[in-house]
Every structure is written in C-alpha cells, then in structure tokens.
Amino acid sequence: MSDVNVETERHRNRDKRSASAALLCLLVGGCITVKAPDKPIEINLNVKVQQEVIVRLQKDAQDLIANNPELFPQ
Amino acid sequence: MTRKTIFISAATAVLATAALVLTGPVLAQSPVAQAMASGSVGEQSDGYLGVSGTVNADVRAEVDAINIKRRAVYTDLAAKRGVTVADIAAATGCQTLATRVKAGQVYRIGAGPWQTKGAAPIPLPDYCASTQ
C-alpha cells in the first residue's frame with residue numbers, strides 16, 4: 001500500500017516546477033492568453049484601390065477633355 | 001465715283017452684312033454657356049454637368065445632351081482602360097474642377113451644395129490626389 005501514496009522525487013520536482021511557474025505567471029501578470037476575436041477581422045482595401053485608379057486616370061481625363069472640347073463648355 | 005466703284009462698295013457691304021448675320025448665332029453663346037456664366041449650370045465632381053435651381057427647357061435639354069455624350073465617351077475610354085465608367089467620370093470630374101471652372105462659376109462636390117468658385121483653386125476630393 002505504501003507505494004500507491006508514494007510520490008517519487010521526480011513527481012515532487014515536477015509539481016514544484018509547475019507550481020513556481022504558475023506563481024511566476026501571476027506575479028508577472030503577463031500570462032499569454034490565446035483568444036479568437038469575436039468578429040471576423042474586416043479589411044477594406046476598396047477605398048485605397050479606387051483612389052489609386054482615379055489618380056492614375058488623371059492624364060487620360062486631361063486628354064479626354066482636350067479631345068472633346070464641345071462637351072466641356074466654359 | 002464711277003458706277004463700278006459704287007457697285008463694288010455696295011456688294012462688299014451686302015456680303016459683310018450677310019457674313020455677320022450668318023455667323024451671329026454661331027458666335028453667340030450657347031444656352032449652356034450662358035447658364036454657366038450666370039451660375040445656374042456648373043460642373044460636378046462626378047464628371048457631369050449639373051443644374052442649380054431652375055432653368056429653361058432648352059438649357060436643360062442641352063445639359064442632358066452633353067451629359068449623354070460625356071457618358072458615351074467615358075464608357076468608351078473605360079472599356080479601353082479596363083476600369084469602371086464611374087472611375088473615368090470621377091477622374092474627369094477632378095480635372096474639370098481643377099482646370100475648367102472659372103471664378104464666379106458654380107460647382108458641386110458629390111451631393112453637396114452648389115458653391116461659387118472664388119480666386120482660389122477648388123478644394124478637390126481626396127481621391128483626386130494631386131492633379132496636374
């Protein structure tokens with residue numbers, strides 16, 4: 001019966017280590033928790049992409065106006 | 001004066017008058033040009049002409065006709081560049097607001113109010129970035 005309740009020295013060391021690790025964690029207060037965000041992460045690239053398209057088209061727009069002056073009365 | 005001289009002078013006078021009469025309507029401002037000068041028609045940031053307040057039927061008809069032709073040209077270019085018609089139209093709107101609106105004329109950004117251009121350049125929407 002005695003061997004059932006006997007903790008080996010290794011077990012005791014292991015327990016000591018995990019206990020001290022847990023204590024350290026609490027002390028440091030920086031336990032890393034991995035938690036998924038509630039909502040899916042949304043990235044809207046459309047705004048930036050549209051801006052670059054229109055900037056790129058400025059030269060074409062200049063030519064368009066120059067080639068169709070009757071459509072752009074002043 | 002000889003009869004020949006009189007005849008030539010008279011002919012010249014008739015021709016000159018005819019020239020003036022015939023070119024008169026062409027040289028006179030179109031309804032839209034007049035409306036733009038008076039502030040009832042102006043350029044919009046979306047690339048089309050817009051009407052501020054009430055205008056005559058002929059002004060409205062010409063505005064519509066111009067906008068339809070503009071849209072056709074925009075559609076053409078959009079197909080060539082592989083972009084949407086709205087993008088071409090917006091880019092053209094950036095250019096017209098930057099270069100074609102004179103001081104005293106009206107313009108509109110988006111669905112905003114009609115504003116009168118002063119001496120300073122029109123503050124363009126962000127998506128125009130730097131226009132040359």
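1. A polar contact is a pair of N or O atoms within 3.5 Å, where within protein one atom must be able to donate a hydrogen and the other to accept it, and where residues adjacent in sequence count only if both atoms are side-chain atoms. Between chain B and chain A there are six residue pairs in polar contact, with both residues at pLDDT 80 or more.

2. This is a predicted model, in which local features need pLDDT of at least 70 and side-chain atom pairs count only at pLDDT 80 or more, while totals for chains, interfaces and linings use all residues. Residues are numbered from 1 along each chain as its sequence is written, chains are lettered from A and ligands numbered from 1 in the order in which they are written, and side-chain values use heavy atoms, with hydrogens and water left out.

3. Chain B brings 30 residues to the contact and chain A brings 18 residues, contact meaning heavy atoms within 4.5 Å. The two chains bury about 2300 Å² between them, 64% of it on carbon and sulfur atoms; buried area is the accessible area (1.4 Å probe) that two parts lose on being put together, summed over both. Of the area that chain B buries against chain A, 25% is supplied by B:Gln95, B:Arg100 and B:Tyr127, more than by any other three residues.

4. Across this interface the rule finds one salt bridge, that is, a side-chain nitrogen of Lys or Arg within 4 Å of a carboxyl oxygen of Asp or Glu. A:Asp60 forms a salt bridge with B:Arg81, and their closest N and O atoms are 2.6 Å apart.

5. Helix 2 of chain B spans residues 31–38, and its buried residues are B:Val32, B:Ala33, B:Ala35 and B:Met36. Seen down the helix axis, these buried residues fall within an arc of 160°, so they line one face of the helix; the arc is that of the directions from the axis to the C-beta atoms. On the other side of helix 2 of chain B, B:Ala37 and B:Ser38 are exposed. Here buried means under 20% relative accessible area, exposed over 50%, and partly exposed in between (1.4 Å probe, protein chains only); helices (H or I, at least four residues) and strands (E, at least two) are DSSP runs, numbered from the N terminus.

6. The buried residues of helix 2 pack against strand 1 (41–44), strand 2 (49–51) and helix 3 (57–81) of chain B. After helix 2 of chain B comes B:Gly39, whose phi is positive, near 90°.

7. B:Ser40 lies in the loop between helix 2 and strand 1 of chain B, and it counts as buried because its relative accessibility is 15%.
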